[in-house]
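I opened this entry to keep track of what I looked up and in what order. The notes follow the sequence and the structure.

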Amino acid sequence: MEYQNKQPDEGVNITRHNPVIHLLKLLVAALIVIVVLVVTVNMFASRVGRSVPFKYELSLMSHINYDFGGNASSDQMQTYLSDLATRLMRHMNIPEGMSVTVHHNHDDVFNAFATLGGNVVFYSGLLKNLPHENAIAMVMAHEIAHVLHRDPAAGLGGGLATMMALMALTGNAGTGAVGNVLNQTGAITQTKFSRDMERAADNAALGAVAMEYGHVAGASELFKVLQNKVSSSNGDRDDEWYETFISTHPLNVERINSILDLARYNNWPLAGEITPLPVGFHTWLN
Amino acid sequence: MIEIGIFLILLVCGYLFGSLAEKRHYRSIIKREAELNSLPAIASRYPATDKCYQQHLVYGGVVVASDYFKSFLAGLVNFFGGAVVSYESLIDRARREAMLRMKAEAKAKQAELIFNVKFETMTIGSGRLASVEVLAYGTALVPQIPSDPPVITPQYARILALNPSQA
């Protein structure tokens, strides 16, 4: 009789499971863990960042001695922006010891930002697109409000702590798709915090602009300019929901509506005399 | 948006094509295992001593790649810990395929038995390029044709000395 090798039963070495359900369960659990982690760490680290006295920010920036591009700026532009900042700060309850330094950078970047040490940077790429002083004032007050709210320190603290926590947590999940998905989830969760900061800065800025000019005309126009710029740069309306979801700033349409609501609530006039840009403004840009 | 779309497409494609390839592979494995069932492959280190055999080293190797879905699922399991069940079928297929290739080689040599069968496993690549190599090897015993002059290897001579009744 020929020897017969009896085969083992099928599936002895394989766990029977539905891979799709298994994936969904693990994915949902991982996303919940990441969201909870990012929210907790960010809240804690942001508070720690805000509690650090402003003088340490100044001290840190004086040691770094970073050139924001202000040295290359024209004297007229520098003076104009600094004067505008001083005028707006009068309405913003800036605490003693806090200061704001405005820089003008010639790069063709459509942006302005506030960073540690009360440094506010305006790029020529943004300034040349703003139609009047009221729009510049809204941006300026917005960035000063970030300094006032200690957002750069909070953002730095929250961002660093979140990044380290995500690295520690997702490091075990290896590189590639899983790491990307978990890190993206962390980044999207983090945008919630930056959006809250932007909304608070908008509200504070609108109040300062209203007190300086007696109305908020021009502030909503600013966001229309930003909206047009974004639309013309990507031209992709299908991405709008994603922009809403992932952008660090609230959507411009939302911001316009929010500004209008706030103005109505405070009885700030929505119309008024627009202050034109000073003569020679565009020549100062170069 | 595009990144999310690409990721989902890769995940779905990985699942569909990976499942299809796996089912097809298992069908082939089960069919060939039945065909080669009469050729025993055993782990014993001692050869059969019932008659005179020629000994041949036979081996079968295979490299099986993971798909995107399996790798992603394994990465998630890595996050929480636990059995990486998505790779179990991968390893199972690789082991059985390597064994079948080894048996096919032995069958081609008209072997009656493979003894001292062992497996070697090696990962190739890492992360999303993870794949596994399995090598099965053993000693095939091919009966000597009666007209052949008897080949008494030193090992066989020792076995004969231990079992005089075999002579």
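**Core notes**

I began with A:Val139, which touches A:Ala112 and A:Leu222 when residues up to four places away in sequence are left out. I am working from a predicted model. I placed A:Val139 in helix α5 of chain A.

Is A:Val139 buried or exposed? I count A:Val139 as buried because it has 22 C-beta neighbours inside 10 Å, and the cut-off for buried is 20 or more. I also looked up A:Val209, 70 residues from A:Val139 along the chain, and found their C-alpha atoms separated by 9.8 Å.

Next I looked up the largest nonpolar core, which has 49 residues. A:Ala141, A:Ile144 and A:Val209 are the ones with the most contacts inside it. Among the chain A elements that each supply at least two residues of this core, I noted α3 (75-89), β2 (112-115), α7 (177-213) and α8 (219-234). The largest share, eleven residues, comes from α5(A).

I then listed what A:Ile144 touches, again not counting residues up to four places away in sequence: A:Ala85, A:Leu88, A:Met89, A:Met92, A:Val100 and A:Val120.

A second, separate core has 21 residues, and I noted B:Ala41, B:Val58, B:Ile114 and B:Val132 among them.

That took me to chain B, where I found four helices and three strands. Along the sequence they follow the pattern α-β-α-α-β-β-α. Chain B has 167 residues, of which 27% are buried. Of the contacts in chain B between residues at least 6 apart in sequence, 80% join residues at least 24 apart.

Key: Residues numbered from 1 in each chain as written. Chains lettered and ligands numbered in written order. Predicted model: local features only at pLDDT ≥ 70, side-chain atom pairs only at ≥ 80, totals over all residues. Core = buried A, V, L, I, M, F, W, Y, C linked by C-beta atoms within 7 Å. Buried ≥ 20, exposed ≤ 12 C-beta atoms within 10 Å, placed from the backbone. Contact = placed C-beta atoms within 7 Å.
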